[in-house]
Every structure is written in C-alpha cells, then in structure tokens.
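Welcome! Please take a look at the sequence and the 3D picture before reading on.

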Amino acid sequence: MSATLALTERLIAQASVTPADARCQPIIAQRLAAIGFECRHLPFGPDTWRVSNLWAKRQGAGARAPLLVFAGHTDVVPTGPVEQWTSDPFVPTLRDGRLYGRGASDMKTSLAAFVVAIENFLADRPEPHLSIGLLLTSDEEGPARDGTRQVCNWLQNHGEQVDYCVVGEPTAVARTGDTIKNGRRGSLSGRLTVHGQQGHVAYPQLARNAVHLAAPALAELAATRWDEGNAFFPPTTWQVSNMHAGTGAGNVIPGSAVVDFNFRFSTASTPAQLQQRLQQVLERHGLQTSLQWNLGAEPFVTEPGALVRAATAAIRDETGLETTVSTTGGTSDARFLARICPQVVELGPPNASIHQIDEHIALADIEPLTNIYRRILETLEAQARP
C-alpha cells in the first residue's frame, strides 16, 4: 500500500462531518512536526460551531525564502442515508480499483497527497530555499465563517507573506490533472419582495396581483446581458432560485411575491454595478419592492505566472496531459486565500462523485496527485535558489 493511500484511509476513517475535525488535523500535524514543521492549532467560532484550524510552516533556507502554502479542509458533508451506501462511508473500502468513503475525493486524498509529497520532497532536499505551509480548516463545507477566512486574517496580522497557494479541491473531470482552476466567479444573492394588494380572484379590479406585477421585470432581468466576460471568465449570469407567492388558497390574489435570485459574476462586473443595474430595472417597471443582498464571494483570478506554469508542467511531466486551466464551478476557500496571496490555483482529483452516495476515487488517480504536488515543490524551489 502506498503512503498516500494509507494516510487517505486513516483520514476517511475519521468521521469529520462539518464542523467536526475528528482528529484529522492532529494526525497530519504529527506527521509534519516530525519533519520540522511548527504547527499551531487555531480554533475559531462559538462553542456551538467550534471550528478546528491548523497552520503549519517550515521555514526555508535564506533570508527571504518564498512561501508555498498547501490549503484544504478536513471536514466533509453529511453522508445522507447510510443504508444507501454500498459500504460504511467511514470505513475506507477498496473495491474494483477504487477507494470508497466519505471524503475520498473531497478532499482527504488531496490532504494525504500534500503530506506525502512534502515528506518525499524534504527527503531529497532537507534544506530547500522554499518555505512550505499547510493551512487546514474544518469549516469549508459549512458556513465558511470561522475557517480559512479567519486563518487568513490571522496570517495577515502576524505578518506572514504567502507567495503561492495550491488548494486541493477536486478539480479534475476524468483524470487527475486534466483540469485546474486559476480563479472562480463571485456569488451575489438577493431576496426581492414585490408588494401588491391582496384580494379576491373574482374582483381583480380591487387588488394588485404581485406576481403579475413582478413578471415583466423578471423577464427583463432574465434577458439582460450583464457583461461580456473577459479572457478568463464567461459572461455574468442571473438566475431565479426560488419564488413564493399566495396564501395557498385558490381564490386569493397574492399581495406579495418573494423571489430569491443569484448572480454568478466575473471580474468584468462589480457587485455595486450589478446591484445598481437591477435596481434600475425594478424602478423602470414602477414596482414597490423590498430588497436584501448577500455577497457570498468576490471573484478572483490568477493570471498565468510562476505557479500556473509550475502546475501545468508538473501535470504534463507526470501524466502526459495538457491541462485545461478553468474558472468554472462554484465557490471555494480559494476566494479567501486570493486576498492574501497573489498566485492561487486549485488542483485535485476527479470530482464526479463528490457529495454523492458511494463517493470514491480511482486508485490510479492517487499517486499521480502526490507526484504532481512534489513536482510543483521542486520547480518553485529551483526557481528560488540564489
């Protein structure tokens, strides 16, 4: 059994359903401390949602050894109905060339690969001209309030300068290395309440149907071209996610309609611009409204540079694949890391089974991931040598 597979199995066996860490971080910290890392456990959040965070660092040789941080999360989503799993989700199981268990792809294999890649790298280069960090949280699958966001604030307050960051999110489509992320779209949500006047359906002249009032504005919003995107992102999209109106009775005109919506937006637009344009549409239709906003994530992008080149070269040398560099998908903790680090990429195993019953990873995807991480370390260390 490979070192990465063995550690992955040990981590899967810890039932770390968010926000629980279930001792995953102490297991990893023990491995890192043995090879010279200084490890700090940084719990944040209220007692009702206590989040475990780990910051581990090994200082490189030289006065200003650049810092490469591997980042990820030890928490996993709930299993869903356990009886629907072929095997216990927290008993790592090998079957048909795959490793099954909750977190196999998202993202305990990446965490194990981080550790083993670092161990192998330091065995060959015990005094590298590269500082190495590991940032782990147990709050990525939850509200993401007291995890990576807070650790990034802590790092800034303690003067840590992060030069490169590799996040182990599952980014591949079919094979490890076929896709990496160099950015993510932002997420801006809103709840719109359109106010009318309730009445009897037989006397519409005495009421103002909130659904009828809202419909033309919603149609315009759905047809709006918000921007053209740019070289890294597709155009911004706007989608209704929920709509509620009426009392439940079949003879009552609804006096209000509540619409939940979301923008997935690129760096071509700002939240303020999108809010202003939406408000203009509502005003043009003469609606009486209430509107609440929630900015879930700002967009970010890492333009091609040292880290993207190192990652694509590592993938090519290890797998022969020419990776696709993409900004598709939802949000991740990379959005917090991008605030303190100029170069961030997400690189991990295939994501086809994440959050599903019988989550798994192909055994053939595990060792290449470890070796890709090691090759990135080697490349960035070689560039840092005086």
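## Before we start

This is a predicted model, in which local features need pLDDT of at least 70 and side-chain atom pairs count only at pLDDT 80 or more, while totals for chains, interfaces and linings use all residues. Residues are numbered from 1 along each chain as its sequence is written, and side-chain values use heavy atoms, with hydrogens and water left out.

Helices and strands get their names from DSSP runs (H or I of at least four residues for helices, E of at least two for strands), numbered from the N terminus.

Let us begin with helix α1, residues 3-12. Seven of its 10 residues are buried, so α1 is largely enclosed by the rest of the structure. Here, buried means under 20% relative accessible area, exposed means over 50%, and partly exposed lies in between (1.4 Å probe, protein chains only). The buried residues of α1 are Thr4, Leu5, Leu7, Thr8, Glu9, Leu11 and Ile12.

What covers these buried residues? The cover includes the helices α2 (24-33), α3 (104-124) and α9 (366-384), together with β4 (93-95) and β5 (98-100). Contact in this report means heavy atoms within 4.5 Å.

## How the helices pack

The axes of α1 and α3 come within 8 Å and cross at roughly 130 degrees. That makes α1 oblique to α3. The labels work like this: angles under 35 degrees are roughly parallel, over 145 roughly antiparallel, 65 to 115 roughly perpendicular, and the rest oblique. Axes are lines fitted to C-alpha atoms, for helices over the stretch in contact, and angles run from 0 to 180 degrees between N-to-C directions. On the α1 side, Ala3, Thr4, Leu7, Thr8, Leu11 and Ile12 meet residues of α3, including Ala104, Lys108 and Leu111. An α-helix has 3.6 residues a turn, so residues three or four places apart point the same way.

Helix α2 also packs against α3, at an angle of about 10 degrees and with the axes 10 Å apart. That makes α2 roughly parallel to α3. Cys24, Ile28 and Arg31 in α2 meet Lys108, Leu111, Val115, Val116 and Glu119 in α3.

## A sheet of three strands

Three strands form an open sheet in the order β4-β5-β19, with antiparallel pairing. β4 and β19 (360-362) stand at the edges with a single partner strand each, so one side of each is left without a neighbour in the sheet. On average, neighbouring strands are turned by 25 degrees against each other, direction ignored. Two strands count as paired if DSSP finds at least two bridges between them.

Three bridges join β4 to β5. Which residue of β5 is the bridge partner of leucine 94? That partner is leucine 99. Helix α3 packs on this sheet too, touching β5 and β19, and its direction makes about 55 degrees with that of β19.

Eight bridges join β12 to β14, residues 256-265. Opposite methionine 243 stands valine 259 in β14.

## A lysine and some backbone details

Is lysine 57 buried or exposed? At 17% relative accessibility, lysine 57 counts as buried. This residue belongs to strand β2, residues 53-58. Its side chain makes a polar contact of 3.2 Å with the side chain of glutamine 59. A polar contact is a pair of N or O atoms within 3.5 Å; within protein, one must be able to donate a hydrogen and the other to accept it, and residues adjacent in sequence count only if both atoms are side-chain atoms.

The loop between α1 and α2 holds proline 19, and the peptide bond from threonine 18 to proline 19 is cis, with omega near 5 degrees. Alanine 22 is in that loop and has a positive phi near 55 degrees. Alanine 22 is partly exposed, with a relative accessible area of 30%, whereas arginine 23 counts as exposed at 57%.
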